[in-house]
Amino acid sequence: MRRKTRGGRVEILGCSVDRVSLESATSRLEELIGAGGARQAIVLSVPSLMRGRRDRLFRDICNGASIVLPDGVPLLWASRILGAPIPGRVAGSDLLLELSRVAEIRGYTCFFLGSTCEVVGRLEKVLLRRFPGLCVVGSFAPPISPAFSALTNDEIVRRVNAARPDILWVGLGAPRQELWIRANLGRLDARLAIGVGAAFDMCSGSIRRAPGWMQRAGLEWFYRFLREPRRLFRRYFIDSAPFLPLVLWQRVSRPSGYR
């Protein structure tokens, strides 16, 4: 038995990833919004998954999330190698646009946390131009710092809770956004909190996204590297380089099912 599934997930190097497409992921997220309580959704890329392999806390956060979405064609390749194919990629930028479309129809409210005032302001304008009925109940670009002070963190929670959004979009970058959501989830009056990394910049037009053919070929990471080689060299060519060899090793070393 070579399938590595449990409850519609595939385990890849210790992280459980939901086997969803953008369409089915959106439906699942709607179910979570309607379920009550605060839920965490994670958009997982290969660099984040590799961090989870090294960092048990981050891995536990991923495995404890209500849903983990596959952001990256290499994750689709890995799932096929492991015998439990994921039907489609769920990129943060695509999810932000698709769930905003659904939010306009369903009346879900949104709050945007992260990036800069300029980027968040531009993002709101782009989304409202595209989805005029979208209800944005607030946004906040916190001070740029390695870590929030207790005072700043309390201010963020206060602003979110005053708005009581159905969807809290968090663009603080991985793994910071996932760590922040998990640390504060019990305090947040929001139904669904999703970390989407650079999606604020891409959807607002502040950063150009890779051409469609590069996205489909699994080369969006390379396009981003070409634009920011100094910042992204280690992430892609050192930290993420062992990904596929390790997946192949998982395939041959544990053929009897989910660990």
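Predicted model: local features only at pLDDT ≥ 70, side-chain atom pairs only at ≥ 80, totals over all residues.
Local features need pLDDT of at least 70 and side-chain atom pairs count only at pLDDT 80 or more, while totals for chains, interfaces and linings use all residues. Residues are numbered from 1 along each chain as its sequence is written, and side-chain values use heavy atoms, with hydrogens and water left out.

A nonpolar core is a set of buried Ala, Val, Leu, Ile, Met, Phe, Trp, Tyr and Cys residues joined through side-chain atoms within 4.5 Å; buried means under 20% relative accessible area, exposed over 50%, and partly exposed in between (1.4 Å probe, protein chains only). The largest such core has 33 residues, and Leu-29, Leu-69, Phe-112, Ile-167, Trp-169, Ile-194 and Phe-200 touch the most other members. Helix H5 (residues 92-106) provides the largest share of this core, 6 residues; helices are DSSP runs (H or I, at least four residues), numbered from the N terminus. A second, separate core of 24 residues includes Leu-13, Met-50, Phe-58 and Leu-76.

Across the whole structure, 8 aromatic pairs are found. Rings of Phe, Tyr and Trp (its six-membered ring) pair if their centres lie within 6.5 Å; planes under 30 degrees apart count as stacked, over 60 as edge-to-face and the rest as tilted. Trp-221 and Phe-237 form an edge-to-face pair, at 5.7 Å centre to centre and 70 degrees between the planes. Trp-221 lies in helix H11 (residues 220-227) and Phe-237 in helix H12 (residues 229-239). Phe-225 and Phe-233 form a tilted pair, with 6.4 Å between centres and 50 degrees between the planes. Phe-225 is buried, at 13% relative accessibility, whereas Phe-233 is partly exposed, at 42%.

How values were computed:
Helix = DSSP H or I, 4+ residues; strand = E, 2+ residues; numbered from the N terminus.
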